Number of protein chains: 2
Amino acid sequence: MKKQSWPLHDVRHWLEPGPVVLLSSHWQGQNNIMTLGWHTILEFSPSLVGCMISAGNASFSRIRQSGECVINLPEASMIDTISRIGNCTGDDVDKFAEFGLTTEKSDKVSAPSIKECFGQFECRLYDDAMVDNYNFFIFEVVAARVNPQPEWPQTLHYVGGGVFRTDGDVLERKALFTKVS
Amino acid sequence: MKKQSWPLHDVRHWLEPGPVVLLSSHWQGQNNIMTLGWHTILEFSPSLVGCMISAGNASFSRIRQSGECVINLPEASMIDTISRIGNCTGDDVDKFAEFGLTTEKSDKVSAPSIKECFGQFECRLYDDAMVDNYNFFIFEVVAARVNPQPEWPQTLHYVGGGVFRTDGDVLERKALFTKVS
Ligand SMILES: Cc1cc2nc3c(=O)[nH]c(=O)nc-3n(C[C@H](O)[C@H](O)[C@H](O)COP(=O)(O)O)c2cc1C
Ligand SMILES: Cc1cc2nc3c(=O)[nH]c(=O)nc-3n(C[C@H](O)[C@H](O)[C@H](O)COP(=O)(O)O)c2cc1C
């Protein structure tokens, strides 16, 4: 099953529901991964995503200095790996090796993608104006691809304290959407 | 069933999973409501939430000028009302009256809460530095209350195109959380 490119203006389809994601980065010959739940879509086009990356994380300076990362979408079945990646630091461990994950070459950034994840959103740092005050990075998604199947993968949504919630039914109300998309 | 106060540093329990929320506001004698999916937690304490409120919405200038709003959490059963509120504007309709919603007095802000929603997070505008460039409001939650039951209400997560996803199972991996909360 080959990942297929996804329209950049519709990254919201995957991120707006609020899933836990894995941010992969590359800096000075080292790859790293962190778990992230604090993100939001900011604009359709250019395709902007905001992420709160705490300054205490190794990823913070690596992503800031390289100006790049990949937002990887893991399925809920990766819950143990997702938890562990978010509870150790790239200063101590090579997380790709430690957790048996495979690097996949990205299209537009030097940060590697995580093959085991079903979706990838390659990002360039677009505006760091809020980084000093809020650790809030504004990224532009410059390439996106997603597994075509399943159409509705199970993701995780973090509530804190080691507890997650998965996804449920899909409901549609298209007829009521006369104004917004 | 009386709503109970919720710890301000733990607002993330309700918003980090990415539910669609209803923002209520008050300005110059008028109440208004908009639907919002683009939000993220930014800090535990002070309790900060970022919201992208498009400048084309009536809510934009009302919230900016009053410096206040309430983030209301609706259950999935309110899907029709949630869709409709997000597809009409307070410039044309009184949404409380139109959708049969009840105003509830807020504790710390003059914006009304929506009684029919199971949770309320009263907000003061904390930083508007990103409003001109990104329509991104940083709010501080100054009061919070939530229905004690059910423990895991069904919320909605918007994917675009009039389609939502609900919540699923609750999974815990507490033993793996040795570092983060
Ligand atoms: C489910 C989960 C969600 C997390 N969300 C965030 C987040 O939004 N922002 C953040 O800075 N850290 C978050 N973390 C914590 C980082 O992933 C963690 O500090 C990690 O060890 C950082 O790795 P690094 O030092 O290699 O960059 C989260 C952790 C978990 C387990
Ligand atoms: C599910 C859903 C999610 C929405 N999310 C947002 C959002 O994050 N930001 C935004 O500015 N508008 C969002 N909207 C659109 C506003 O709710 C809509 O423009 C509304 O009519 C604004 O009302 P107002 O003009 O009374 O402020 C959303 C609408 C729906 C239905």
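Visitor: In which helix of chain A does Ser59(A) lie?

Guide: This is a predicted model, in which local features need pLDDT of at least 70, side-chain atom pairs count only at pLDDT 80 or more, and totals for chains, interfaces and linings use all residues. Residues are numbered from 1 along each chain as its sequence is written, chains are lettered from A and ligands numbered from 1 in the order in which they are written, and side-chain values use heavy atoms, with hydrogens and water left out. Helices (H or I, at least four residues) and strands (E, at least two) are DSSP runs, numbered from the N terminus. On that basis, Ser59(A) belongs to helix H2.

Visitor: Is Ser59(A) buried or exposed?

Guide: Buried means under 20% relative accessible area, exposed over 50%, and partly exposed in between (1.4 Å probe, protein chains only). Ser59(A) has a relative accessible area of 2%, so the residue is buried.

Visitor: Which strands and helix of chain A do the buried residues of H2(A) pack against?

Guide: Those buried residues are Ala58(A), Ser59(A), Phe60(A), Arg62(A) and Ile63(A). Contact means heavy atoms within 4.5 Å, and Ser59(A) itself touches Asn32(A), Ile33(A), Met34(A), Ile53(A) and Arg64(A), not counting residues up to four places away in sequence. As a group, the buried residues of H2(A) pack against strand E2 (21-27), E3, strand E6 (68-73), helix H5 (131-134) and strand E10 (136-146).

Visitor: Which residues come nearest to ligand 1?

Guide: A residue is near a molecule if one of its heavy atoms lies within 4 Å of it. Residues from chains A and B surround ligand 1, so the site is shared between chains. Of the 24 residues around this ligand, the nearest are Ser54(A), Asn57(A), Ser59(A), Gly90(A) and Lys179(B).

Visitor: How much of the accessible area of ligand 1 does the protein cover?

Guide: A polar contact is a pair of N or O atoms within 3.5 Å. A polar side-chain atom of Asn57(A) lies 2.6 Å from an oxygen atom of ligand 1, and a backbone N or O atom of Ala58(A) lies 2.9 Å from an oxygen atom of the ligand. Accessible areas come from the Shrake-Rupley method with a 1.4 Å probe; of the 660 Å² that ligand 1 has on its own, the protein covers 95%.

Visitor: Which element gives the most to the shell around ligand 1?

Guide: Strand E3 (30-36) and helix H2 (58-66) of chain A each supply at least two residues of this shell. The greatest contribution, 5 residues, is that of E3(A).

Visitor: Which residues are closest to ligand 2?

Guide: Ligand 2 is surrounded by residues from chains A and B, so this site is also shared between chains. A backbone N or O atom of Gly90(B) lies 2.7 Å from an oxygen atom of ligand 2. Among the 24 surrounding residues, the closest are Lys179(A), Ser54(B), Asn57(B), Ser59(B) and Gly90(B).

Visitor: What rotation superposes chain A on chain B?

Guide: Copies are superposed by least squares on the C-alpha atoms of residues with pLDDT of at least 70 in both. The shift along the axis is 0.0 Å, the RMSD is 0.0 Å, and the rotation is 180°. The two copies are thus related as by a two-fold rotation axis.

Notes. Polar contact = N/O pair within 3.5 Å; in protein donor to acceptor, adjacent residues only side chain to side chain.
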